[in-house]
Amino acid sequence: MNFELDEQQRDFAASIDAALGAADLPGAIRAWAAGDTAPGRKVWAQLTDLGVTALVVPEKYDGIEAHPVDLVVAAERLGRWCVPGPVVESIAVAPVLLAVDERSAALAAGELIATVALPPHVPYAVDADTAGLILVADNNEVRDGAAGAQHESVDPSRKLFEVSASGDAKKADVARAYEFGVLATAAQLVGAGQAMLDMSVEYAKQRTQFGKVIGTYQAIKHKLADVHIAVELARPLVYGAALSLADHSPDTARDVSAAKAAAADAALLAARSALQTHGAIGFTQEHDLSLWLLRVQALRSAWGDPAVHRQRVLEALS
């Protein structure tokens, strides 16, 4: 049995890397945090051209209706490049909630960026001040929403808002939408962890201490190897959860939660190791590493923190 991505999926990931690698993502993230979303929206336009915004949208609304594995491929790359905006909410969750809503066509075409609140685990909506559509989902129903008070976020580029529901309620598969949100967040964490590992490896080749490049020290090698192992152990859990979600497996909740918990732990280890490898410069806002450090802290608690998901795994196994 072959568990590798096929050629088309590898090409898809490479195309996302090529597009985002040519963009100034650190600049776009800092601008988004300052309230200027124009550079970030240019990045989103590139994602639309690549089909990322149409991945989960049904074909009848001009979407791709792709396999959840394809969503994971994309979400991991978006985490790798730290793309700003309500990525999970607009690309993975809103299309599930709007499965029979004509507004899905606007999501697929990149004309609409959506954000979602799904209490109790997702009480606030990310970037509700700039999203074109706010959705509030609960009890197998979804309503349009309006932004309320803003709350502090550990990541300045992820503004959090209270939302109030308005309008008529429509039936929606809220439980499945939640699993899509958790899965896409886990994939982003894997991508962010890999990005920080790559940064650390490159910096370890340049930074010197006591007259030697720090990458030659066994302690540094072992620390970065631990991060590599953690990321590589989390990645198959994320892809396995995508298969469970695609098959409507009764173990979907268990598999998705296991993936989120493992991905969160791997990304946190990558963040801590990156800080130790970079030293004091890693703490500064001017260094790009800080953007990934803050994003990982925010995504660890997004769509249910590790304790929530470990509890779901425990309940599934008991």
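User: Which residues lie nearest the centre of the largest pocket?

Analyst: This is a predicted model. In it, 18 residues line the largest pocket, and about 380 Å³ of space lies within that pocket. Those nearest its centre are Pro156, Gln285, Ser290, Leu291 and Leu294.

User: Which element gives the largest share of the lining of the largest pocket?

Analyst: Two or more residues of this lining come from each of α2 (25–33), α9 (252–278) and α10 (289–301). By class, the lining has ten nonpolar, five polar and three charged residues. The largest share, five residues, is given by α10.

User: Which element supplies the largest share of the lining of the largest cavity?

Analyst: The structure holds two cavities of 30 Å³ or more, and the largest has a volume of about 60 Å³. Its lining includes Val83, Pro84, Val87, Val88 and Glu89, together with Arg158, Gln188, Arg295 and Leu299. At least two lining residues come from each of α5 (87–97) and α10. The largest share, three residues, is that of α5.

User: How many charged residues are there in the lining of the second largest cavity?

Analyst: The second largest cavity, with a volume of about 50 Å³, has α4, α5 and α7 each supplying at least two residues of its lining. Among the lining residues are Leu71, Leu78, Ile91, Ala184 and Gln188. By class, nine are nonpolar and one is polar.

User: How many nonpolar residues are in the contact of α4 with α7?

Analyst: The crossing of these two helices is right-handed. Residues of α4 in the contact include Leu71, Val72, Ala75 and Arg80, which meet residues of α7 including Phe180, Leu183, Ala187 and Asp198. By class, the contact has three polar residues, three charged residues and, as the number asked for, eleven nonpolar residues.

User: What is the relative orientation of α1 and α3?

Analyst: The axes of helix α1 (residues 7–22) and helix α3 (residues 38–50) come within 10 Å and cross at roughly 155°. Angles over 145 degrees count as roughly antiparallel. The orientation of α1 to α3 is therefore roughly antiparallel.

User: Which residues of α3 make the contact with α1?

Analyst: α1 passes α3 in a right-handed crossing. From α1, the contact is made by Phe12, Ser15, Ile16, Ala19 and Leu20. By class, the contact has seven nonpolar, two polar and no charged residues. The α3 residues are Val43, Gln46, Leu47 and Leu50.

User: Where does proline 120 lie, given that the peptide bond from proline 119 to proline 120 is cis?

Analyst: The cis bond from proline 119 to proline 120 has omega near 10°. Proline 120 lies in the loop between β1 (114–117) and β2 (125–126).

User: What is the phi of aspartate 62?

Analyst: Aspartate 62 lies in the loop between α3 and α4. Its phi is positive in a residue other than glycine, with a value near 65°.

Definitions and conventions
Residues are numbered from 1 along each chain as its sequence is written. This is a predicted model: local features need pLDDT of at least 70, side-chain atom pairs count only at pLDDT 80 or more; totals for chains, interfaces and linings use all residues. Side-chain values use heavy atoms; hydrogens and water are left out. Axes are lines fitted to C-alpha atoms, for helices over the stretch in contact, and angles run from 0 to 180 degrees between N-to-C directions. Helices (H or I, at least four residues) and strands (E, at least two) are DSSP runs, numbered from the N terminus. Angles under 35 degrees count as roughly parallel, over 145 as roughly antiparallel, 65 to 115 as roughly perpendicular and the rest as oblique. A crossing is left-handed if the near helix is turned anticlockwise from the far one by less than a right angle, and right-handed if clockwise. Contact means heavy atoms within 4.5 Å. Ala, Val, Leu, Ile, Met, Phe, Trp, Tyr, Cys and Pro count as nonpolar, Asp, Glu, Lys and Arg as charged, and the others, Gly among them, as polar. On a 1 Å grid over the protein atoms alone, a cavity is a set of points where a 1.4 Å probe fits but cannot get out, and a pocket is an open set with protein on both sides within 12 Å along at least five of seven lines; lining residues have an atom within 4 Å of a point. Grid points are joined across faces, edges and corners, and a volume is the space filled by probe spheres set on the points.
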